[in-house]
Amino acid sequence: MVDVLLGLQWGDEGKGKIVDFLAPNYDVVARFQGGPNAGHTLNIEGKRIVLRTIPSGVFCERPCNLIGNGVVIDPIEFLKEAKELEAIGINLRKKLKISQKAHLIVPTHRLLDAASEAAKGEEKIGSTLKGIGPAYMDKTGRNGLRVGDLQSPDLKVKFEQLKKKHLELLSLYNYAGDSGELEKKWFEAADYIRSLDIVSGEYFINEKLREGKLVLAEGAQGSMLDIDFGTYPFVTSSNTISAAACTGLGIPPTAIRDVMGIIKAYCTRVGGGPFPTELTDATGEDLRKAGHEFGAVTGRPRRCGWLDLVAVNYTIMLNGVTKLIVTKADVLNIFDEVKVCESYTIGSDEHKSIPFDITAAPIVPNYTTLKGWKTDHAMKTAADLPASLNDFMQYVHDKTNVGVSIVSIGAGRDQLVTF
Ligand code: GDP
Ligand code: IMO
Ligand code: MG
């Protein structure tokens, strides 16, 4: 069976840490969408590691890791990540398989990403500028290069054809950029990928399922950044919801058992776009400081705000979440009181659903105030959790109808409590 684990907010919910914790229970950990726009932080023996394209099960003995067809891979970024892992003893030739159908990001995709953002003026998406959008555009436009093409004698010809198209587009944007230096690196990195285990991901994973093996599908970004259901156009370019695990790995929906949805005990967003519970005051600043809320990929300060249950209930619905995981509960320890948004007031109406155009009219979040936990006790087991934190989780359960199965109370690998 397949369990899917994904973020229910705008990304950075702590997926990497939780996948690393759960990985010993699985035979395969698989990424199914996104690319190096993701930054999944793991703490391994005191060392902070940020994974971008490689699944977060790579530090665990048991599972094999798969990069599925739904992922977009930049060989240059991939090689950097791989070398860091190899330097600390991870054997990717043994631990990792890559779908031959995963699409490739080429250097001119990055230029196109930058040109597209520059052309947007004030209304920038705040893209990570990793070439994600242009690569997915070439995928759906049927122009893309795939990992399997790295093994083709025509690779150079295909690459040049795609580059030519990109240069024409870039001239329309009037965008001057040079990908020459990156191109050399790209081909070197492509050689490295060719030396890894490139497989038919869909046959590989379905064979595992037939053998009764357990698969953990690791989402990237968050459901509010989904291309269809997120705060469009301020979204990423892939489907990030549980349905994408099927298309991004080649598994049937009937193979899915649990959908584990992660939320921070508050909310963050990096990049542009609507964020109804954003706190632009000193409280937001306190949250950013206490939660070290700076992007794992770009280092940008993350925008911070209170937990938004309108958004969370929306994404629970889209994903069919069966278990909730709450992270960064320790960060709220600084507050006497914490707030949770239960509905929005737009104009004179109260809403419990996400409007079509979330930017059209000002949204006033309606908050319920709960008692903070402010504990100086070490929280190691369920018995150590302060009553007010248990009340917070019960409140979330009551408002979402989904129980909390894990609460995370620190960045460390073992800083969490399971129920
Ligand atoms: P991801 O993209 O969902 O994997 O999340 P990121 O790695 O981008 O961001 C989560 C950040 O919070 C990382 O720096 C983690 O090390 C950290 N983190 C994860 N869980 C906890 C937690 O429970 N408490 C605290 N304080 N930090 C956490
Ligand atoms: P993880 O997996 C948070 C955001 C970007 C931008 C928008 C589009 O670490 O949770 P893109 O580069 O995809 O074209 O950017 O999406 N974004 C993320 N925000 N966490 C992520 O990944 C993100 N990946 C993309 O900041 O607003
Ligand atoms: Mg992240």
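Colleague: Which residues of α11 meet α12?
Modeller: This is a predicted model. On the α11 side they are L309, V312, N313 and I316, and they meet Y395, K399 and T400 of α12. By type, the residues of that contact are four nonpolar, two polar and one charged.

Colleague: At roughly what angle do the axes of α11 and α12 cross?
Modeller: Roughly 55°, with the axes coming within 10 Å. The stretches involved are residues 309-319 for α11 and 387-400 for α12. Angles of 65 to 115 degrees count as roughly perpendicular and those under 35 as roughly parallel, and α11 and α12 are therefore oblique to each other.

Colleague: And the handedness of α11 passing α12, what is it?
Modeller: The crossing of α11 and α12 is right-handed.

Colleague: Switching to α4. Which residues there meet α5?
Modeller: H109, L112 and D113. Their partners in α5 are I132, P134, A135 and D138. Sorted by type, the contact has four nonpolar residues, one polar and two charged.

Colleague: How are α4 and α5 oriented to each other?
Modeller: The angle is about 115° and the axes are 7 Å apart. The range for roughly perpendicular is 65 to 115 degrees, so α4 and α5 are put in that class. α4 passes α5 in a right-handed crossing.

Colleague: What about α4 and α6, at roughly what angle do they cross?
Modeller: Roughly 15°, and their axes come within 10 Å. Under 35 degrees counts as roughly parallel, and α4 and α6 are therefore described that way. The crossing of α4 and α6 is left-handed.

Colleague: Which residues of α4 and α6 meet?
Modeller: From α4, P107, T108, H109, L111, L112, A115, S116 and A119. From α6, F159, L162, K163, H166, L167, L169, L170 and Y173. That contact divides into 11 nonpolar residues, four polar and one charged.

Colleague: H109 came up with both helices. Is H109 buried or exposed?
Modeller: H109 sits in α4, residues 107-119. Its relative accessibility is 1%, so H109 counts as buried; the cut-off for buried is under 20%.

Colleague: New topic. What are the protein donors of the magnesium ion, ligand 3?
Modeller: D12, through OD, and G39, through O. They lie 2.1 to 2.2 Å from the ion. D12 is in the loop between β1 and α1, and G39 is in the loop between β2 and β3, so the pair ties together parts that are 27 residues apart in sequence.

Colleague: How many residues of α1 are buried?
Modeller: Seven of its eight, so α1 is largely enclosed by the rest of the structure. The buried ones are K15, G16, K17, I18, V19, D20 and L22.

Colleague: Last one, N366. Where is it, and what does it touch?
Modeller: N366 is in strand β18, residues 363-371. Residues up to four places away in sequence aside, N366 touches V340, C341, E342, S343, Y344, T345 and E350. With a relative accessibility of 25%, N366 counts as partly exposed.

Colleague: And how far is N366 from T277?
Modeller: Their C-alpha atoms are separated by 9.2 Å, and the two residues are 89 residues apart along the chain.

Conventions:
Residues numbered from 1 in each chain as written. Chains lettered and ligands numbered in written order. Predicted model: local features only at pLDDT ≥ 70, side-chain atom pairs only at ≥ 80, totals over all residues. Heavy atoms only, no water. Axes fitted to C-alpha atoms, helices over the stretch in contact; angles between N-to-C directions. Helix = DSSP H or I, 4+ residues; strand = E, 2+ residues; numbered from the N terminus. Parallel < 35°, antiparallel > 145°, perpendicular 65-115°, else oblique. Left-handed = near helix turned anticlockwise from the far one by under 90°. Contact = heavy atoms within 4.5 Å. Nonpolar A, V, L, I, M, F, W, Y, C, P; charged D, E, K, R; others polar. Buried < 20%, exposed > 50% of the residue type's maximum accessible area, 1.4 Å probe, protein only. Donors = N, O, S within 2.8 Å, 3.2 Å for Na, K, Ca; no water.
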